[in-house]
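Q: I am new to this structure and would enjoy a friendly guide. Please look closely at how the side chains pair up, and then at what surrounds the pairs.

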Amino acid sequence: LKLLGAGIATRPALTAAAPPKPNFIVYMSDDHGLLFSEPYGATAVQTPHLARLAAEGSTFTHAFNTSPSCGPSRSSMLTGLWPARHGAEPNHKRPKQEVLGLPAVLKALGYELACFGKVAHSDWAKFYNFDVVDGPNVGATNTDAVEQFLANRDKTKPLCLFFGSHYPHVPWVKNKDYDAAKVKLPETLVDTPETRRQCTDYYTSVAHTDALAGKFRALVQQHVPGDSLFIYTTDHGAQFPFAKWNLYDAGIRLPFFAVWPGKLKPGSTQDAMICLPDLLPTFIELAGGQVPAGLDGKSFAGLLLGKTKRHRDRVFNTHSGDGDFNVYPIRSLRTRQWKFIRNLHPEFQHQTHDTRNRRGNGVLYWNSWVEEAKTNPGAAAVVKRSVERPAEELYDLKADPHEMRNLAADPRQASRMASMRAELKAWMKQQGDMETVFGKPLLLGEPVTLLPPLA
């Protein structure tokens, strides 16, 4: 396999006296919004296993993806590249074959690589040179297969193991335990009975991924000897408006926990900015290898080893769409305090699976919003904001963390707008971003037609 035309490079062989290489264990949930877990302030949804991870390791407060849909986000994690460079720009598009090289670097360093459930999107894990690939591609709902693997593998080899949960992706698990009246809705949503009911189903699905993460970690602790770094993260935010398929923080900011006994201080917090393309370069450096040149991802091994407290000072995000359900390309630049968003085609409607699917969790609450909007001006404003976007948006994340007040037209922000606009444009050019429109858009004013679910 090639990585940007470069061969796989490793450092000279380690001497017999060198310490054993650490194991790398990654649990990846699906559609888990940052604020829907106890360590990040959730009070209505229960995530005791995530709370335990936070207590035993480090909670990262500024972890990000590259794109708020499954395929591009996961491809960035496994290639160390942003979507325009790895090729999987819209959801359900395969990355380029020539950039699928990072797991192979770990294999060259002596690691066994295993992938269970939904780690890559669709069935693409088979292209990444894992030693073991086990479905289902839609995500795991139990630990049976990984338990059998861990019990029977050669434990003398260092292990890099990815486990991809189905939860809390739709279809959500039907609620049994949560009281809809006690749901704490994000400020961006319309408060209707159906929204609250669907939120309890989402809470239930988050509780399922929490429980599954607990079972998975227990298996790892039982069957994987030696030094192990355990990571919990996700691909993007929840399937609610202004989250998944959006570049607001609810879509791009991730829960991220790291537990590394003897290395990371229990109960600690890391506020350095990291992103998913940084993950595999970090593993390669910690394993004693040489990170291939030309990646967008940067190792944050120094953070984990306590050698630094800073990493990135800005992140870029892109979204190019998800079939004909969502044809709405967006780009953004985020610093610690400011977010600049460029909607490439503000003449398009921002529609999604929630608004154009014939069935599913999302259409249930969305229909209740549309009905509420007929008599409630506040609901009407939320529905309009979801569908119609300006060409540019600017948010002060310190004063406005839910990105409710667009400051793009504020004359006091003219200099900041010009600077961030120019920086984003230069980055897009460097990435080779062609601003491609994937799919058939709905123009403003056109009737919204429903589409059959994807096969």
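A: What follows starts with the salt bridges and then moves on to the sheet, the cores and the helices. Please keep in mind that this is a predicted model, in which local features need pLDDT of at least 70, side-chain atom pairs count only at pLDDT 80 or more, and totals for chains, interfaces and linings use all residues. Residues are numbered from 1 along each chain as its sequence is written, and side-chain values use heavy atoms, with hydrogens and water left out.

Let us begin with the charged pairs. Side chains of opposite charge can pair when their charged atoms come close. Here a salt bridge is a side-chain nitrogen of Lys or Arg within 4 Å of a carboxyl oxygen of Asp or Glu, and by this rule the model has 27 salt bridges.

One of them joins R74 to D235, with 3.0 Å between the closest N and O atoms. This bridge links distant parts of the chain, since R74 sits in helix α2 (residues 70-79) and D235 in the loop between β6 (228-233) and α7 (249-252), 161 residues apart. Helices (H or I, at least four residues) and strands (E, at least two) are DSSP runs, numbered from the N terminus. R74 is buried at a relative accessible area of 0%, and D235 is buried too, also at 0%. For these labels, buried means under 20% relative accessible area, exposed over 50%, and partly exposed in between (1.4 Å probe, protein chains only).

S73 also belongs to helix α2, and with 0% relative accessibility S73 counts as buried. Setting aside neighbours within four places in sequence, S73 is in contact with N65, T66, S67, D235 and L276; contact means heavy atoms within 4.5 Å.

A second bridge brings D296 and R85 together at 2.8 Å, N to O. D296 is in the loop between α8 (279-286) and α9 (301-304) and R85 is in helix α3 (residues 83-86), so this pair ties together parts that are 211 residues apart in sequence. D296 is buried at 13% relative accessibility, and R85 is buried at 19%.

For contrast, look at K374 and E371, whose side chains meet in a salt bridge at 3.1 Å, N to O. K374 is exposed, with a relative accessible area of 61%, while E371 is partly exposed at 47%.

R334 has K339 in β11 as its bridge partner, and five bridges join the antiparallel strands β10 (residues 330-335) and β11 (residues 338-343). Two strands pair if DSSP finds at least two bridges between them. The sheet is open and has four strands, ordered β9-β10-β11-β12 with antiparallel pairing. At its edges are β9 (314-319) and β12 (392-396), each pairing on one side only. Helix α13 lies across β9, β10, β11 and β12, running at about 60° to β11. Axes are lines fitted to C-alpha atoms, for helices over the stretch in contact, and angles run from 0 to 180 degrees between N-to-C directions.

Now for the nonpolar side. A nonpolar core is a set of buried Ala, Val, Leu, Ile, Met, Phe, Trp, Tyr and Cys residues joined through side-chain atoms within 4.5 Å. The largest core has 51 residues, and F36, Y202, Y203, F240, W369 and L424 touch the most other members. Its largest share, five residues, comes from helix α13 (residues 414-431). A second, separate core of 46 residues includes L81, L100, A125 and F300.

Not counting residues up to four places away in sequence, W369 touches T188, L189, V190, T192, T195, P241, V382 and V383. W369 is also among the buried residues of α11, including V363, Y365 and W366. Those buried residues pack against α6 (193-223), α10 (353-356) and α12 (377-387).

Finally, α8 is mostly covered, with seven of its eight residues buried. Among them are L279, F283 and I284. After α8 comes G288, which has a positive phi near 90°.
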